[in-house]
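Hello,

Here is the structure I promised to pass on to you.

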Amino acid sequence: MADKQAVTELMNRAGVAYDIADTDFLTNMFVDDGAQFHLTIAGGDVIPFDGKEAIGKLFTDSLTEQTDQRRHCITNIYFENETDDAITAISYLVLITVENGELKVLSSGMYTDACVNVGGEWKIRKRRLDLDLPY
């Protein structure tokens, strides 16, 4: 059986890592070979980021453009397609922003993460994020 607690922790740490600008964690939470992050915004076309380098650049570029403090709240995690070394985690994102003393919900969405155990460490092979609004 997959270690659901470890995968849940990976999902939650990913949210915090973005909020504290830990781009090393964000990049390295993906497998070395064949990593994918596919993003859709408000039902639009899929925006693919294939490979750790492209994924890392997405995080770095996004953080560079930000002027606010974000809080990625990961909730409603459940699992599908479980084996000993692979599992799919599905979760909600509520993206909160604080800027100029104002707090608001910026967007929400759903993550679908295909995770694998690599040498005892859980990593994401393929992440899909379907956002309800632009971020």
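A disulfide here is a pair of cysteine sulfur atoms within 2.5 Å. By that rule the count comes to zero disulfides. Cys 73 is in no disulfide, as the nearest cysteine sulfur, that of Cys 115, is 19 Å away. Seen from the other end, the sulfur of Cys 115 has its closest cysteine sulfur in Cys 73, and 19 Å is too far for a bond.

Cys 115 counts as buried because its relative accessibility is 1%, while Cys 73, at 30%, counts as partly exposed.

Before you go further, a word on the source: this is a predicted model, in which local features need pLDDT of at least 70 and side-chain atom pairs count only at pLDDT 80 or more, whereas totals for chains, interfaces and linings use all residues. Residues are numbered from 1 along each chain as its sequence is written, and side-chain values use heavy atoms, with hydrogens and water left out.

On a 1 Å grid over the protein atoms alone, a cavity is a set of points where a 1.4 Å probe fits but cannot get out; a pocket is an open set with protein on both sides within 12 Å along at least five of seven lines; lining residues have an atom within 4 Å of a point. Points are joined across faces, edges and corners, and a volume is the space filled by probe spheres set on them.

There is one cavity of 30 Å³ or more, and the largest cavity has a volume of about 260 Å³. Of the 21 residues that line the largest cavity, Tyr 18, Phe 59, His 72, Tyr 111 and Leu 129 are the closest to its centre. α1 gives the most to this lining, with four residues. The lining of the largest cavity divides into 16 nonpolar (Ala, Val, Leu, Ile, Met, Phe, Trp, Tyr, Cys, Pro), two charged (Asp, Glu, Lys, Arg) and three polar residues (the others, Gly among them).

The largest pocket has a volume of about 180 Å³. Its lining includes Glu 9, Arg 13, Phe 25 and Trp 122. By class, this lining has five nonpolar, one polar and five charged residues.

Best wishes

Terms used
Helix = DSSP H or I, 4+ residues; strand = E, 2+ residues; numbered from the N terminus. Buried < 20%, exposed > 50% of the residue type's maximum accessible area, 1.4 Å probe, protein only.
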